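Biologist: Before we discuss how the parts of this model meet, please show me the sequence and the coordinates, and then tell me on what grounds each term is used.

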Amino acid sequence: MKYNRTELDKNIGFTSITDEKFKTSHISVRFITKLSAETASANVIATDTLTYSTSSLPALSLLNEKLSSLYGASLSSFSIKKGDIQILGISASCIVNRYAIDGEDIEGEMLDILRESIFSPNAKDGKFDDESFRITKKELLDRIDSEINNKRGYALSRAGEIAFRGEPAQSTSYGTKESADAVTAESAYSAYLNLLKTAPVEITYVAPSENPAVIEMFRKSFSETERIPEKVKFHTASPLKPEVVTESDEFDVRQCKMVMTFKHNCDNIYAVKMLNTIWGETPVSKLFTNVREKMSLCYYCATRVNKYKKTIFVDIGVERNNIEKAKAEILHQLDEIRNGNITDEEMESAKLSLDNALTAVGDTPSSYSGWYFDCLCDNEIITPEECFLKYKSVTKEDIINTAKSLTLDSIYIMYDKEDANNE
Amino acid sequence: MNKNIFTSSKTGDKCVYVKHPSGLDIYICEMDGFSTVEALFGTKYGSINTMFKMRDDKEYTVVPEGIAHFLEHKLFENEDCDVFELYAKTGASGNAYTSFDRTCYLFSCSKNYQESLKILLDFVQKPYFTKASVDKEQGIIGQEIQMTNDNPEWRVFFNMLRCMYHNHPVKIDIAGTIESIAQIDADLLYKCYNTFYNLNNMVLSIAGNVKIDEVLAICDEYLKPCEDKGLETVFPDEPETIVKSEIYEKQPVGTPIFHIGYKCTPCNERERLEKNVAMCIASSLITDASSDMYQRLLKDGTLNSTFGGEIFCGDGYFSVIFAGESSDPVKVRDSIANEIKKISENGIPEKDFQRIKKSMYGAMIRQLNNVEAVASMMLGAHMAGTSPYDMIDMISEMTSDKVLEYIRTELSEDKLVMSVVEETEND
């Protein structure tokens, strides 16, 4: 594997990773901007519209025909949040030329499509093409409506909204129905021009061999783009609420969901992740072993870290009459860690589990791309091997201190309606 | 042991197949440059295998719904420890799944694969069930069942199968019901285990950063020879007709979600592969973002980008399914039926056919780029009675006439069903 990072311009990074084992070529372009409930939806609709049509392929049917004739090449957009930051991305992926049956230049044509989608979108007179915009906007509205389809995801999203209330991270990565509804073809295009001008940009290229045409395309295209990049900050600890806030909804569901949100002030992220692994991330964690296996209260009970907000979420799907029992056990298992009840086996297995995950980085193009982008967010570019050494240095004492700094901030519960009516 | 090498004529990829003296079929794919290993140890035993007997049995045994899945959960407990504790010592991530026609135990790891493989082969061959451990699992699986009952995608799919199939057990939920799993006890689990976990009914598929000889040496050490006892599974007679043409359920969802499916004639092995590829192309003609129907319904707001197609097939069942979200699923169903009729009458434009074939070929190349996908592909092909790279060859050999023939003979309006999950009315 060969890793190389270049600054094309101020706040435009280009990371090239070549690894000959791959049969595909992937390019991701990430625009990084402050998350805001007011602009999140417009940014998402804008970047989604870029992948719906381009200036020379001005309809989805044409773009799709082209992509499928390139052996099912893909052009897609994504939106994620990391802390108080919104990341809007465009990804292009295709099989490499040596697998073309008819000798096509798949990679060259794909690069052209990507260039057009970013630098020559289907827009004129200060707005996106009406049809592309209209359909893309409806897609987002449908997606927002369908949040409830995934009950676990919905509960986690509501928990984040409660935990980060008053902070940018309160918003989802795509905004609300109201904010999406208010976006116009003009405001979406304006939002995109603003991203092009102000957002720091990170480009990642993962392929079996180098292709100078890729970096040259971006260098040339961005040199013709006016840029006044704004500073962004990924890590912003979320303040602890003065009192634990509990909120709930009722739905016509058979299983209740509970999400407990904890906040901490520990600066050692490696200790936080070790705590997370031991407390509730793996099938030998304290929560899996006790809440699921010993007490039979649930199918899942797991922890997850939001390192950007210094937060840990614990989520469980549970019957209504077992909610308090589950809550008590989750807190009890945290107390066990605070009291130093961590075995050598737990320490060792947590490190092995993390090592296993780290060594797997590089087996897929997306894991390479994600790893090095996350490093940039943390302002620390290290290899997975170097990262593991940091986990290895974490002591029990570090984990105990981290656990002691965890404080319950808020709780979200999704109740089942039927049982509520019976009470 | 003879090592048979399968090679893809299109990509040059290769893997090794061995029929082990223990009775087990083994597939190994060494993938240069990859760090991870994915291993799957599977048995041809899934939720549809509710009625079976051995050669020497007089009567068929009928077992409760959901028992294959229950057995999968319980096999993770050894007499002296939990299997996850063993994997925790190697760093591997262990898991298992039960589907309609198989149960698979798997691990993925990037170090110590040989130790993890020993754990996998050992625990799957060592069942240990007690009343207490069975009772304990009822609560956990009960919550899993409730969780899937709250999943509208799951409900819409099974409701569709219940519209399609009168008797075939593919219509039952993989995990069973709270009531059916209450009938499961340790004796029944042993009965199922001893029937289906015979190595002659199983396959090991391992891919990634492995060495063929190392894998085989561990197999020699850990596999216990099994006598082939002539397992027979039977399915109730299934009429060609559907049960009913539509079903609706209310759940908390956004836009209503739908599954629209054609019940087709089931088939096996090579014929199933051919029909699978042909129907994939047929379904792409409808769901492809460039198709007239999709464009029309996208533009008028009836469909969104969740619309897609799937071929669902196995022993005794085959269906072509269209799924997505729509405020007007009836319009989607009628449009699909009209489009199928139009293609039947007018034929398939060669340009679209070739484009879709290229896209499917590209998807196969992508699959070979991924350790997990390669392990799954080898196992899936074996369980379907085909070879690992047959799918790529079948795609390249497929003709538009063949696809058209399948469309005309199989996609019949009287075998079309629709399942919809729509929003609960709030009080």
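Modeller: The domain bounds I use come from an automatic or database domain assignment. This is a predicted model, in which local features need pLDDT of at least 70 and side-chain atom pairs count only at pLDDT 80 or more, whereas totals for chains, interfaces and linings use all residues. Residues are numbered from 1 along each chain as its sequence is written, and chains are lettered from A in the order in which they are written.

Biologist: What are the bounds of domain 1 and domain 2 of chain B, and how far apart do their C-alpha centres lie?

Modeller: The assignment gives domain 1 as 3-233 and domain 2 as 246-423, and their C-alpha centres are 27 Å apart.

Biologist: Why are residues of domain 1 of chain B said to be in contact with domain 2 of chain B?

Modeller: Two residues are in contact if their C-beta atoms, placed from the backbone, lie within 7 Å, and 42 residues of domain 1 of chain B are therefore counted against 36 residues of domain 2 of chain B.

Biologist: Which helix of chain B gives the most to the side of domain 1 that touches domain 2?

Modeller: Helix 5 of chain B does, with ten residues; helices (H or I, at least four residues) are DSSP runs, numbered from the N terminus.

Biologist: How many residues does each chain bring to the contact between chain A and chain B?

Modeller: Chain B brings 57 residues and chain A 49 residues. On the side of chain B that touches chain A, the largest share, nine residues, comes from helix 12 of chain B.

Note on methods. Helix = DSSP H or I, 4+ residues; strand = E, 2+ residues; numbered from the N terminus.
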